Every structure is written in structure tokens, then in C-alpha cells.
Amino acid sequence: MLVIRKVRKSVSCKMISHLNHLFSTPISEKGSTSHSPQKFSSLNIRCFRSSPNAKVEVPELSTQTPISPAVNKISRVARTDGQAVLFEYLHCTRGFNYVDAEHISKNSPCFLQNLLSKVDNDQDVTRALTRYFRYHPINEFEPFLESLGLKQSELTSMLPRDLIFLSDDHVLFDNYHVLCYYGIPRTKIGKIYKEATDVFGYDHGVLAMKLRAYEKLGLSRSTVIKLVTCSPTLLVGETNNELIQVLEKLKILGFENDWMGGYLSNRHSYNWGRMLNTLHFLNEVGYSDEKMATLFTMNPAFLFEGSGKQIYVLVGQLLKLGVKMNDIYLLFCQNPNILSLKCTKNLWHALYFLSEIGLETEIIANIVSTHIQLLGSHSLKGPKTLLRDFKGDKFCLCQTIKDDPLNLFRLASKSKFDVEQMTSQDPGKLFQKTTFLLRLGYVENSDEMAKALKQFRGRGDQLQERFDCLVNAGLDCNVVINMIKQAPTTLNQSKNVLEKKIVLLKTYLGYPVESIVSFPSYLCYDVDRVHLRFSMYAWLKQKGAAKPTLSVSTLLACSDARFVKYFVDIHPEGPAMWESLKSSLQSS
């Protein structure tokens with residue numbers, strides 16, 4: 001009490017009148033006060049002095065002090081010292097446990113900088129802040145809420161009006177600890193505080209019970225953590241019935257309960273009601289459970305990004321164009337991949353493009369009905385960009401597109417993909433081929449995908465058969481994927497040819513199939529070349545004229561002249577044997 005009285009004697013009556021409705025309570029012991037203080041806003045302290053006659057500037061009745069751009073940059077040493085003093089104050093003076101005090105002190109940079117920016121450059125930070133904290137209890141909600149991940153601009157409206165000590169709201173702090181102990185990252189709790197503040201007012205045991213209720217649905221703890229950080233309102237009221245129905249529907253489609261956990265992002269919020277309606281809508285327009293499972297397996301973002309909003313927007317736009325619901329259903333059935341996130345985005349942009357240049361609604365509807373696959377698979381330039389080539393003449397551009405709708409893609413497509421090649425392919429076969437490439441990890445509608453569609457020859461089922469041939473030969477699935485990406489033409493050969501080359505590898509060289517992992521191009525070489533060179537090398541090994549374990553690339557990658565020099569002429573009988581092998585191969 002003596003310390004506070006000395007400070008009070010040094011301030012004027014006017015200062016005291018400003019302080020009357022703030023606080024006048026000293027801290028007696030850890031976490032205890034003589035009475036509950038009223039609101040104490042951030043102090044605007046201009047300087048700290050270490051002289052015996054220290055002057056304390058008047059606290060201003062304002063919200064949080066903004067960081068001025070003119071403030072000198074705080075050094076790392078000063079910031080570290082400031083964190084240490086704040087930790088010491090929270091842990092030793094206010095009685096916070098070690099983990100809480102450390103987290104708050106290290107994750108409230110703006111609050112700390114507001115304090116440090118007021119310390120004179122020639123002052124000792126530790127001594128100045130220690131002295132300040134001795135006389136001025138801080139509003140603990142400011143650094144606490146900032147440490148939860150809330151932005152500085154969000155704090156003002158969230159600060160309690162009549163409290164400055166966290167210990168005065170033990171219910172809030174208890175629920176905070178429930179979330180922490182459950183495993184929710186402390187820096188993610190701010191979103192829960194912002195969107196579901198009621199959670200922090202629950203009685204003892206209520207919040208833990210709500211978290212367990214979601215685990216009882218068959219969800220793992222990690223998935224529950226993702227769910228409540230993405231959608232904090234799940235913790236308000238009863239267990240969300242719409243989420244339960246979404247989980248049940250996904251289970252029918254063959255997805256495990258935790259499948260969705262891999263695609264949730266705390267950067268997004270989720271509307272479970274809209275997501276449920278999307279699932280019902282797809283059923284209503286004729287999507288079977290099998291088709292829906294394929295759609296979400298290929299494009300989980302379609303369901304989770306925007307909670308299925310894309311399909312409503314897409315269908316709404318098509319209906320506005322005058323396309324009937326039955327026709328929309330047929331379009332979706334014939335072109336199921338049009339519902340992927342990338343395709344819908346391209347289609348929306350194409351509709352905007354055609355509308356912006358003034359094309360009639362009927363013509364747009366006709367183009368969509370006949371070329372929806374191309375519209376979904378091509379990203380178009382902006383209308384202003386293309387109009388420059390027509391000197392701003394929209395009528396001329398519209399007429400060009402009316403004459404031949406494919407001119408839209410020839411003129412406006414960002415990619416150099418051959419439109420004629422695309423239109424010559426059967427949409428069903430193209431979809432099968434695209435589906436296969438998606439399984440290999442290619443990104444839909446990317447340049448790599450466009451290049452792969454040109455490189456891989458054959459139907460989707462044929463490519464899958466060749467892929468399975470390599471896996472059945474003993475190679476790991478992921479290894480085969482990497483091999484194919486290194487040597488795409490591997491899958492352009494029939495299953496019989498691939499099997500024959502694997503037999504040659506084992507028969508003539510005695511090598512395991514894993515020996516070609518580092519040289520996948522082996523499978524692309526001509527069978528006769530492989531047969532001839534392997535036969536010659538096998539003969540040399542029998543004669544003891546060659547190393548027993550040369551790599552496959554050494555035998556095949558060199559030119560004919562180099563092979564003859566190092567694997568034929570190396571033995572006196574080599575040239576004769578070489579000619580004999582060639583004659584035998586030609587006659588067979």
C-alpha cells in the first residue's frame with residue numbers, strides 16, 4: 001500500500017479524477033486482489049524512468065494503443081527481454097501456470113510492442129518494464145486474446161467491459177484449458193472465441209461432454225479437432241444433426257468417418273446444411289452412389305470448398321439461360337467430370353465471357369449444350385483481351401463465334417491444346433483416360449495433364465491394364481507411378497510387350513524387376529534391340545569376358561558402334577557370335 005500511496009502523492013487531483021473509475025487496488029498475492037477492479041484499458045506510457053522520483057504518466061481512457069509506423073524498430077534483444085519480463089509478471093506475480101504464461105508472453109507481439117515502443121532507447125528494458133508492472137496491473141485479456149490467434153483489430157470489441165484480470169473469469173479460463181488439454185492448438189482457439197463465444201461460458205464438464213459426443217459418432221480426436229476449429233458453432237447447442245446426416249451419407253458412399261478430416265481447412269468455414277443439400281441434389285438429378293463416390297474421390301474440394309455451393313450456382317446459371325432441368329441432368333450424366341472444381345470454374349468464366357460480349361442467350365445455351373466438355377476443360381482469356389484483336393467490335397466477335405462455336409476456343413483458349421483433337425475424341429473415352437491420369441497424381445486441366453493426354457496412347461482401361469501389369473510383376477504402385485512420369489511412353493506398349501521385356505530381363509540377365517526402377521526407359525526400347533544386346537552380354541558372361549552385373553542402361557543406352565566396340569570386339573569370337581545372333585533374330 002505504501003508504494004501506491006507514494007505514487008498517488010506525485011500526481012495531481014486532476015489525474016486522480018481520471019483514475020477514479022479505473023482501479024486503485026494493489027496486488028497483494030499471486031492472483032488475488034482486495035476487490036474486483038473495473039475495466040482498465042491499455043496504458044499510453046510515454047516513458048519509464050529509473051530515477052528514485054519516478055513519474056508515471058496518466059493512463060489515457062482509450063482502447064488499445066495502435067502501433068505508430070514512426071516508432072523505431074524494436075530490437076530482438078529488447079523483444080526477448082520484454083517477453084521475459086511479461087512471463088515473470090504473469091507467472092510469478094499473477095500466478096499463471098508456466099505453460100500459460102510462456103504461451104501468452106511469446107504470442108502477443110502487438111501488445112508487447114505497444115509497451116516496448118514507449119521505453120526510451122537509453123533505458124534498460126527489463127528494469128523499466130519490471131518497474132511499470134509493479135505499479136500498473138495490465139489488462140490481461142489483451143495479450144491473452146492475441147495469443148489465441150486473434151488479430152489486433154478484432155480485440156477491441158471482444159475485451160470484457162468490466163474485467164482486466166483473467167482470474168476474475170475463471171469459467172472462461174477453465175473452458176480454455178479444456179480445449180487446450182483436448183489437443184486444440186492454442187493459436188486456433190481464437191476462432192472459436194470469435195465465432196462461438198458462448199463456449200467459454202459453459203459450466204464445468206459441459207464442453208468436454210460436447211467434444212466426446214462427436215467422438216461417439218465414430219470420429220477420431222484429430223478429426224474432431226479439425227471440425228471444431230473449422231466450424232466452432234458445432235460446439236454450440238446440441239450435436240449438429242446436419243453433420244451427422246452428412247457423415248451417414250458419406251458412409252453409404254464408402255467413405256470412412258475420418259475421410260473428411262484430410263480435406264478440412266481451418267482457413268474455411270463449412271455449411272453442413274448446404275453440404276447435405278448438395279448430396280441430396282446430386283441424388284435427385286440422377287447421380288448414383290457409385291458416381292458420387294467417384295466424383296468426391298477425384299475432387300473432394302468440390303464438396304468441401306464452398307460446401308457444395310458451386311453446383312447451385314452452376315445449375316442456376318444454366319436455368320437462367322433457358323436450359324431445362326432434364327437437359328441439365330443429361331449434361332451432368334454424359335459429362336460427370338464437369339462438376340469438378342476446375343471445370344465449374346472454367347464453365348462459369350466461359351458463360352461470363354459470352355454474356356459480356358453480348359451473345360444472345362439462346363446461342364449461349366446452344367453452345368453450352370453442345371460443347372460443355374470443351375467449356376469445362378479450357379480456361380479462356382478475358383473478353384477485353386480478345387476484343388483488342390477485333391478492335392473492340394463485339395458484333396464481329398459474336399458473328400465469328402456464331403459461324404463456328406469452335407472459334408471461341410481457337411481464339412480465346414489460354415492453352416495451346418489442339419481443339420480438333422479434343423473434339424475428335426469420344427467424351428466417354430476421354431473421361432476414362434483423364435480419370436486414370438488423375439489417379440497417377442496429375443492435376444486436372446493443368447499443362448502437365450494436357451501434355452500427358454497427348455503422350456499416353458490408348459483407352460483408360462488399356463492404360464490401367466498396362467499399369468497393373470507392372471505392379472503384378474512385383475513393383476510397388478508408387479514406384480510404378482514415378483517410373484511412368486519419368487518415361488510416359490512406357491504405357492504406350494501393349495501388355496504382352498511389357499511382359500516380354502520383363503521376361504528378357506529375368507531370363508538373359510537374371511536381374512530382378514526392381515533393377516529397372518532407376519532406368520524406366522528400358523521398357524521403351526525396341527524388343528529386338530533388347531533381345532540382341534542381352535543375348536550378346538549373356539554370351540560374354542559365359543566366356544568370362546564381361547563383368548557379371550552391368551546396369552541395364554549401360555547395355556541399352558549406348559549407340560550401336562559403341563556397343564560393338566565394348567561388347568563385341570572385346571572377344572576374338574565376338575564378331576562372329578554377334579552376326580549369328582542378328583541372323584537368328586531376323587529369321588525368327
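User: Before we look around, what counts as a salt bridge here?

Analyst: A salt bridge is a side-chain nitrogen of Lys or Arg within 4 Å of a carboxyl oxygen of Asp or Glu. Keep in mind that this is a predicted model, where local features need pLDDT of at least 70, side-chain atom pairs count only at pLDDT 80 or more, and totals for chains, interfaces and linings use all residues. Residues are numbered from 1 along each chain as its sequence is written, and side-chain values use heavy atoms, with hydrogens and water left out.

User: Got it. How many salt bridges does the structure hold?

Analyst: It holds 10 salt bridges. One of them joins the side chains of Lys402 and Glu360, at 2.9 Å from N to O.

User: Where do Lys402 and Glu360 lie?

Analyst: Lys402 is in helix α22 (residues 394-403), while Glu360 is in the loop between α19 (341-356) and α20 (361-377), so the pair ties together parts that are 42 residues apart in sequence. Helices here are DSSP runs of H or I, at least four residues, and strands are runs of E, at least two, numbered from the N terminus.

User: And how accessible are those two, Lys402 and Glu360?

Analyst: Lys402 is partly exposed, at 32% relative accessible area, and Glu360 is partly exposed too, at 34%. For the cut-offs, buried means under 20% relative accessible area, exposed means over 50%, and partly exposed is in between (1.4 Å probe, protein chains only).

User: Why would side chains like that pair up at all?

Analyst: Side chains of opposite charge can pair when their charged atoms come close.

User: What about Glu215, what's its partner?

Analyst: That's Arg221, with the closest N and O atoms 3.7 Å apart. Glu215 has a relative accessible area of 28%, and Arg221 has 43%.

User: Let's zoom out. What's the secondary structure of the protein chain?

Analyst: It comes to 33 helices and 2 strands.

User: How much of the chain is buried?

Analyst: Of its 588 residues, 45% count as buried. The chain exposes about 29900 Å², and carbon and sulfur atoms supply 51% of that; these areas come from the Shrake-Rupley method with a 1.4 Å probe, and for residues, only the protein chains shown count as cover.
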